Amino acid sequence: MAVSTFKIANKLITGEGATGKLLDETIRLNMKNPLIVTDDILVQVGVVSTVQSILKGLTTGVYTGVKPDPEIALVEECTATFRDGKHDGLIAVGGGSAIDIAKSVSVYANFKGKIHELFGTGLVPEKGFPIIAIPTTAGTGSEVTNIAILSDTEEQVKKGIVSDYILPDVAIVAPEMTLTMPKSVTAASGIDALVHAIEAYISVNASPITDALAKGAMQLIYANLPIAYENPNDMNARENMATASLMAGMAFGNAGVAAVHALAYPLGGRFHIPHGVSNALLLPYVMEWNKSSCVERFRDIAEALGESVAGLSDLEAADRAVSAMRHLCDVVEIPKGMRTFNVPEEAIPSMAEDASKIERLLKNNPRAFTIEEIEQIYKSAF
Ligand SMILES: NC(=O)c1ccc[n+]([C@@H]2O[C@H](COP(=O)([O-])OP(=O)(O)OC[C@H]3O[C@@H](n4cnc5c(N)ncnc54)[C@H](O)[C@@H]3O)[C@@H](O)[C@H]2O)c1
Ligand SMILES: [Fe+2]
């Protein structure tokens, strides 16, 4: 067995009602004046007031400027709020976008250089302010990963700060925080979590630990995403999705994600297609490409997605994994085809060039690509 390292947030608190532990954790981390990092929608749906009422009696500030697929400028803006308010810690309340902003601010607030100096792997010099992450989507797993993804609007690409110093101190994963998600967000973020699990499972860096988490996540998501999509208030399905997203985050936070994410980034960076939808648009075609290189793993995926594969050849079973994914995307009404999002066909060569540079992710993929082969995948997904 190859040597592998496993790292996650320092403490996980899960289950219905887990938000009730927030005050204790805030005090334990010595936060006397934390900044809540969130967005206007989460204020409107009442999620933020739930958090504020738990923190009653403590001085807090609120930054509500987070936007989906957050731009780098939002880190600067949120950092200014953090510094002006003399805050001493961050409580992220939101999806991956809010959590990634909070993770970035935690290490940028005391950093002397420019934010661009932090993009890449291992470039953060030291641990920053403490972070408690409370996800309100069941998708990104950002509450347990060492990555923050930001949009560079000038270069029209997504960039990552990758550092163990941005692993949250506490992740509070409570299904009640996800009940108000609109259907489209439930679907897109749920598919993102499933792609994390699938990509972690076929990653060249997979380990027995990440395998167990990834398989468990696949089973839970396949069984519960359609229920959460149809019945947003089904607490059991929401809880299973929250747990699965966390498990998938622990899996990919260590084994990595791969080609689906690499090819999806130009769709998010340039055309602002929601992250989970960009993944879903490419997933079946990248699965087709990968299946011959790790066909037994695809058999396992088919089984985890509830397919009966007894008596099938490995290749037939692998096909079932792809068809099961297509079926799930249909059930949760993910739009099909890049053209639906007005992506011009002429953009494909430069998108392929951008994707081919995302070596950080492509190196995890079980099968290599040439730029022409990436173009071919985009054409199939068009
Ligand atoms: N850091 C990581 O490990 C990691 C992993 C995967 C994705 N990401 C990044 O995360 C971002 C996507 O995050 P996301 O999919 O969680 O979506 P998001 O955070 O962008 O939120 C999408 C929308 O849903 C709304 N929303 C979220 N929770 C809600 C709730 N409970 N009720 C009502 N509305 C709600 C938000 O206000 C927002 O408008 C992308 O930028 C992606 O690149 C990061
Ligand atoms: Fe993702």
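Student: Cysteines to begin with. How many disulfides does a search of the whole structure find?
Tutor: Zero disulfides, searching the whole structure. Keep in mind that this is a predicted model.

Student: How far from C329 is the nearest cysteine sulfur?
Tutor: 19 Å away, and it belongs to C294. A disulfide needs the two sulfur atoms within 2.5 Å. C329 is in no disulfide.

Student: Is C329 buried or exposed?
Tutor: Buried, with a relative accessible area of 8%. C78 is buried too, at 0%.

Student: Which domain does UniProt list for residues 186-382?
Tutor: The UniProt record, an unreviewed entry, gives "Fe-containing alcohol dehydrogenase-like C-terminal" for that range. In the model, residues 186-382 are 72% helix and 0% strand. The end C-alpha atoms of that range are 24 Å apart.

Student: What about residues 10-175?
Tutor: There the UniProt record, again an unreviewed entry, lists "Alcohol dehydrogenase iron-type/glycerol dehydrogenase GldA". Residues 10-175 come out at 28% helix and 23% strand. The end C-alpha atoms are 20 Å apart.

Student: On to strands. What is the order in the open sheet of six strands?
Tutor: β1-β9-β6-β4-β2-β3, with parallel pairing. The twist averages 20° from one strand to the next.

Student: Which strands stand at the edges?
Tutor: β1 (11-14) and β3 (61-63). Each has a single partner strand, so one side of each is left without a neighbour in the sheet.

Student: How many bridges do β4 and β6 share?
Tutor: Five, in the parallel sense. β4 covers residues 90-94 and β6 covers residues 131-135. In that pair, A92 stands opposite A133 in β6.

Student: What does β7 pair with, antiparallel?
Tutor: Strand β8 (residues 157-162), joined to β7 by six bridges. S151 stands opposite K158 in β8. The hairpin of β7 and β8 has four residues between the strands, and Q156 takes a positive phi near 55° there.

Student: How many residues of β7 are buried?
Tutor: Six of its six, so to speak: β7 (residues 147-152) is mostly covered. Both faces are covered. I147, I149 and S151 are buried on one side, and A148, L150 and D152 on the other.

Student: Where is H272, then?
Tutor: In the loop between α9 (259-271) and α10. H272 has a positive phi of about 55° although it is not a glycine. At 54% relative accessibility, H272 is exposed.

Student: And what is the phi of N342?
Tutor: Near 60°, a positive value in a residue other than glycine. N342 is in the loop between α12 (314-331) and α13 (348-356). N342 is exposed, with a relative accessible area of 65%.

Student: Last one. Which helix holds I301?
Tutor: Helix α11 (residues 295-304). I301 counts as buried, at 0% relative accessibility.

Student: How far is I301 from E176?
Tutor: Their C-alpha atoms are separated by 29 Å. Along the chain the two are 125 residues apart.

Conventions
Residues numbered from 1 in each chain as written. Chains lettered and ligands numbered in written order. Predicted model: local features only at pLDDT ≥ 70, side-chain atom pairs only at ≥ 80, totals over all residues. Heavy atoms only, no water. UniProt positions renumbered as here; feature names shortened; annotations may be inferred. Helix = DSSP H or I, 4+ residues; strand = E, 2+ residues; numbered from the N terminus. Pairing = 2+ DSSP bridges. Axes fitted to C-alpha atoms, helices over the stretch in contact; angles between N-to-C directions. Buried < 20%, exposed > 50% of the residue type's maximum accessible area, 1.4 Å probe, protein only.
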